[in-house]
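Thanks, everyone. I'll keep this short: strands to begin with, then aromatic rings. Have a look at the model.

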Amino acid sequence: MADQTFRLPDLGEGLTEAQLVAWRVEEGARIDVNAPLADVETAKAVVVIPSPYAGVVQKLHAKPGQTVAVGAPLITIAAEGAAAVVEPRKADADEPAPSTLVGYGPGGPQAGARRRPRVSAAASAEPAEVRAAPFVRQLAKEKGVDLASVTGTGPGGRITKSDVEAATSTPAAEPAAPQVDGERRISVVGIRKAIARQMVRSVSTIPQFTEFAIFDATNLMAARDRQKAGGAALTPLPYFIQAMVKAVHAYPLMNSAWDESRDEIVVKQAVNVGIAVNTAQGLLVPVLRAADRLDLPAIAEKSAHLIGGARAGTLGPGEMTGGTITVTNVGASGPVETGTPIINPPECCVVGFGAIKPRPMVVNGQVVARPGAWISISVDHRIVDGALATEFLTALVKELESIGA
C-alpha cells in the first residue's frame with residue numbers, strides 16, 4: 001500500500017472552493033473505489049465526492065462546516081492499486097457512475113482498482129424513505145433530530161432546514177428571563193456566502209439603473225384560461241419568459257455581458273434565462289438554456305423542473321450557470337407591486353414582474369378594472385443607455401399585451 005492524498009477536485013463552472021457538509025467515512029475505515037467520501041456544498045449545489053482509490057482511510061484533512069479550496073488536501077488513503085476514474089455527482093442521485101473525474105478529465109488517471117456501483121447519496125443511518133439534502137441531514141445530526149420522525153414540508157415531502165429547526169424548538173417550561181443585548185450569529189458559508197459575494201460584486205462594480213412600467217394582463221389571463229380549459233394549467237412565468245425572449249430578439253444588446261478584463265461588450269447569441277428562485281438555502285438562479293428555441297409548453301415544463309430542483313437541492317452546477325438575462329417574479333410570493341432587482345453579474349439586465357391583480361385602466365376613454373402588473377428592469381449603464389432601456393421595456397409591454405391576440 002502507498003499513501004495517496006486525494007485533493008478536492010475542480011468541480012467545474014469556475015468554482016474555486018466548497019464547504020464540507022459531512023464525511024461519509026472515518027479514519028481507519030476500509031473503502032472501495034467509487035465509495036462516497038463526503039458531501040460538499042458549492043455555490044451551486046450539494047455534490048457527493050467519490051473515492052478514486054480502494055484502501056484504508058488514513059486522515060481526514062477537513063472538518064464539517066469548513067471551506068476547502070480546490071486543490072487542497074481532502075483525504076489521505078493507504079491505496080491499493082492505481083486511481084480509478086470517477087466523477088463527483090449531485091446529492092440524492094443514484095444514476096450509474098460517469099467515466100470522468102472532474103479536474104482530471106478524460107486523459108486523467110486510468111482505472112486500475114476494482115470498481116463497484118455507486119452508493120446512493122441517500123444511504124445513511126436514516127431509512128431510505130427519508131428525503132433530505134445532505135446539509136439537512138448534517139444539521140439534524142448536530143441537533144439530535146431523528147429525521148424519520150420529521151414531516152417534510154418541501155416538494156414531494158422533502159425535509160427542509162426549517163423542518164429540522166422546527167423539530168428542535170420546544171416550548172419553555174416557564175417564561176425565559178429577558179435578554180439584554182442578546183444576539184445570534186449565523187455562519188455564512190456555501191450558497192449563502194456565494195450569494196453575498198455576488199450581490200456585493202453587482203452593486204459595487206455595475207453602474208445600474210431601474211425603469212418601471214405597468215402592462216395590461218387581460219390577454220395573458222385569457223390565454224391562461226384557454227390553456228387551463230385544455231388541461232394545461234400554467235403560471236404566468238412561462239408567458240413572462242416567452243415575451244421577454246421576443247423582446248430580446250428585437251433588442252439583442254439586452255442579452256449581453258461586460259468583459260471587465262478587456263472593456264468589451266459581449267453580445268450573447270443564445271438566450272439563456274436565469275430564473276430567480278426563493279429556496280430554504282437562499283436565492284438561487286437556475287438557468288433555462290436556449291429559451292429562444294422553446295415553445296410555451298416546453299418553457300413551462302423546463303422552468304417548473306428547474307424551480308422544483310432548486311428548492312429540493314437536486315440541481316447540478318451545470319444547471320445553475322451560464323445565464324445571459326435573468327427574470328424574477330417578485331409577485332409570486334405575495335401581493336408585491338414591484339421592486340428594483342439587482343443585476344446578476346456579468347449579465348446586462350434583470351427583469352422583475354409584480355403581482356397580477358385588478359387595476360384601474362383607461363380603455364376607450366373609460367376607467368375600468370383590468371388585470372395588470374408592474375414590470376421593472378435593472379440595466380448595466382455601461383452597456384445600455386436610458387433610451388434603449390425604455391425601448392426594450394416598451395417592446396416587452398407590447399409583447400405581453402398582445403399574447404393570444
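**Strand pairing and an aromatic cluster**

Strand β3 and strand β6 (residues 54-60) run antiparallel, joined by two bridges. Two strands pair here if DSSP finds at least two bridges between them. Helices (H or I, at least four residues) and strands (E, at least two) are DSSP runs, numbered from the N terminus. I31 stands opposite G55 in β6.

A word on the source. This is a predicted model: local features need pLDDT of at least 70, side-chain atom pairs count only at pLDDT 80 or more, and totals for chains, interfaces and linings use all residues. Residues are numbered from 1 along each chain as its sequence is written, and side-chain values use heavy atoms, leaving out hydrogens and water.

Back to the strands. β3 belongs to an open sheet of four strands, in the order β1-β8-β6-β3, with antiparallel pairing. Its edge strands are β1 (2-7) and β3 (30-31), each pairing on one side only.

Now the rings. How many aromatic pairs does a search of the whole structure find? Two. Rings of Phe, Tyr and Trp (its six-membered ring) pair if their centres lie within 6.5 Å; planes under 30 degrees apart count as stacked, over 60 as edge-to-face, the rest as tilted. F215 and F240 have ring centres 6.3 Å apart and planes at 90 degrees, so they are edge-to-face. F215 sits in strand β10 (residues 208-216), F240 in helix α5 (residues 236-250). F240 and F353 have centres 3.9 Å apart and planes at 5 degrees, so that pair is stacked. F353 lies in strand β18 (residues 349-353), 113 residues from F240. Together, F215, F240 and F353 form one aromatic cluster.
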